[in-house]
Amino acid sequence: TTFHEKGNISIHTENIFPIIKKFLYSDHEIFLRELVSNAVDATQKIKRLASLGEYGGELGDLTIKVSVDKEAKTITISDKGLGMTADEIKKYINQIAFSGALEFVEKYKDQGVERGAIIGQFGLGFYSAFMVASQVEIVTKSYQDAPAARWICDGSTEFEITSADKTERGTDIILHVAPDSEEFLEQYRLNTILEKYGKFLPIPVEFDGKVINETEPIWTKNPNDLTDEDYLKFYETLYPFSEKPLFWIHLNVDYPFNLTGILYFPKIKNELQLSREKIQLYSRQVFITDEVKDVVPDFLMLLHGVIDSPDIPLNVSRSFLQADANVKKINGYITRKVADKLNELFKNDRTGYEEKFSDIGLFIKYGMVSDDKFYDKAKDFVLLQSADEKYYTLEEYKTKTEATQKDKDDSLVWLYTTDAGKQDAYIQTALTRGYDVLKLEGAIDPHFIGKMEQKLEKTSFKRVDADSLDRLIDKGVTVESVLSEDEKTSLKSLFEGVAGAGYSVDVQPLSSDELPVVLTQNEFMRRMNDMSKMGGQPAFF
Ligand code: ADP
Ligand code: MG
């Protein structure tokens, strides 16, 4: 016998409910973020209805109020938003995963209500209240002409709706805090959570007698209306007591995804000292996380600032974020913007750019090493510093060395030092020969050198002590030494007796100005050693 049947999968509410309450959000404190976000949405909606002429009453003071009653063990979130009728409660609250936020945007989108104005989207946030409350009460009065209603639920699948005597438009959500969640009745705890998630919410939120948020953070404003002072002040709000940033980028895009934000380039004193300040991720001015690992390219994690995008999915796991197509696009966009900004600084103010290079060089090189697209942009503005402290672009340095540093195979050899102090004798010898030496002394530089060798045509890098100079840049001409063969042999054996492992002794001064004896370390062997010491990774990550 065979079967063929089609049907609808059903959900057993009793079983799915605990899953939503306990496992949807790993962090219990976000109940407050969700409920305050709903209050913001309700307030945005009544403002929209008023501006569309669908609500003719007074808007009044729209401040959202959060309060706590330690005796009664309740937390109350009150708004003067659009409220709900009893029927709307049944529709929006009793139906899990039915979002009134999405419905509102759908309904009014032709009248210019953008998705970005409303926070909610999954129709699940409200139920996070049950993570901390044993009973939740809604007391609400709609802007429409309907009696006020009270809804009560103890987290089971049963609820109760009665009429209420609330006369003012808006909604109070009253949480009867569960015994295992009483920490949330502490004033300072609530204040910390509100500060964390709600600092930049677009509607004023009052707690403990004062407004906790800045409703128009500067990233939502037009860059043309902002001064350097504004940007620096905002940086200080985000990261009090930090040193001034070097410069910043105001991000603003609305197609093919929506994203605003400000990224700051911090001053780095020492590349081993990782910045503790993190980029903060927001969605419609609600703080989401400062773990932006998958949203921002790895090499830009050293930047500071905020990114706000309604297109970054909320409440989701890291693996979800990684796989999200928008997140990938955002990644590419940020990389491009950063490259454009650096290019602009380089083009417009070379001197200023050079002055900052010791700080920003690290970002640029790390970006070039880890991202080919960034390499292709940055190759025009990355700078190499020569032992004489002057800076050159790759192209300029090529021009500078082309005539003098090509070997017999017509390949360019770029000499470098990893420690100008220790390798000074070698550097001086190279300079006497008319060669130039680059300073590549940072932890990222071995990787950067490897990348450049991969990318630059017929160019190799050799540390200035890797061999005697006429073998490093082998022009195919035999050079006469000023020493006799006998003198060379005895000097060589004398020094070989004391040279350490890994060094070769070379006795071949071209003239009496040069050092008679050099100890050299084979470039390949030394690089292998250095790499294995660093475990193949840039030391600072
Ligand atoms: P979402 O916000 O994603 O739509 P929620 O579970 O947070 O989902 O809320 C469900 C719905 O309940 C909202 O879309 C809204 O219609 C309604 N709602 C929740 N809180 C309020 C409130 N304070 N005022 C008016 N309506 C509300
Ligand atoms: Mg919500």
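Predicted model: local features only at pLDDT ≥ 70, side-chain atom pairs only at ≥ 80, totals over all residues.
Most residues other than glycine have a negative phi.

Another lysine shows a positive phi. For Lys73 the angle is near 55 degrees, and again the residue is not a glycine. Lys73 belongs to the loop between strand E1 (64–69) and strand E2 (74–79). With 18 other C-beta atoms within 10 Å, Lys73 counts as partly exposed, because that class covers the counts between 12 and 20.

Staying with the backbone, most peptide bonds are trans. The bond that joins Tyr255 and Pro256, though, is cis, with an omega of about 5 degrees. Pro256 itself sits in the loop between strand E9 (247–253) and strand E10 (259–265).

Next come two helices that pack together. Two packed helices are described by the angle between their axes and the distance between the axes. For helix H8 (residues 325–348) and helix H9 (residues 350–370), that angle is about 150 degrees and the axes are 8 Å apart. Angles over 145 degrees count as roughly antiparallel, and H8 and H9 are therefore roughly antiparallel to each other. The crossing of H8 with H9 is left-handed. On the H8 side, the contact is made by Leu342, Leu345 and Phe346, while H9 brings in Arg350, Gly352, Tyr353 and Ile364. Sorted by class, the residues of this contact come out as five nonpolar, one polar and one charged.

Ile364 also shows up in the surroundings of Val382. Leaving aside residues up to four places away in sequence, Val382 touches Ile364, Lys365, Met368 and Leu394. Val382 lies in the loop between helix H10 (372–378) and strand E14 (383–386). Is Val382 buried or exposed? It has 23 C-beta neighbours inside 10 Å, so it counts as buried, the cut-off being 20 or more. Val382 and Asn343 are 39 residues apart in sequence, and their C-alpha atoms are 9.2 Å apart in space.

Lys488, in helix H15 (residues 485–496), has 17 C-beta neighbours inside 10 Å and therefore counts as partly exposed. If residues up to four places away in sequence are left out, Lys488 touches Ser481, Leu483 and Val507. How far is Lys488 from Leu251, C-alpha to C-alpha? The two are separated by 65 Å, and they are 237 residues apart along the chain.

That leaves the ligand. Ligand 1 is surrounded by 22 residues, and the closest are Ala42, Ser99, Gly100, Gly120 and Gly125. Three helices, H2 (30–51), H3 (86–93) and H4 (100–108), each supply at least two residues of this shell. Which element gives the largest share of the shell? That is H2, with five residues. By class, the shell around ligand 1 is made up of 10 nonpolar, nine polar and three charged residues.

Methods:
Residues numbered from 1 in each chain as written. Chains lettered and ligands numbered in written order. Near = placed C-beta within 6 Å. Helix = DSSP H or I, 4+ residues; strand = E, 2+ residues; numbered from the N terminus. Nonpolar A, V, L, I, M, F, W, Y, C, P; charged D, E, K, R; others polar. Axes fitted to C-alpha atoms, helices over the stretch in contact; angles between N-to-C directions. Parallel < 35°, antiparallel > 145°, perpendicular 65-115°, else oblique. Left-handed = near helix turned anticlockwise from the far one by under 90°. Contact = placed C-beta atoms within 7 Å.
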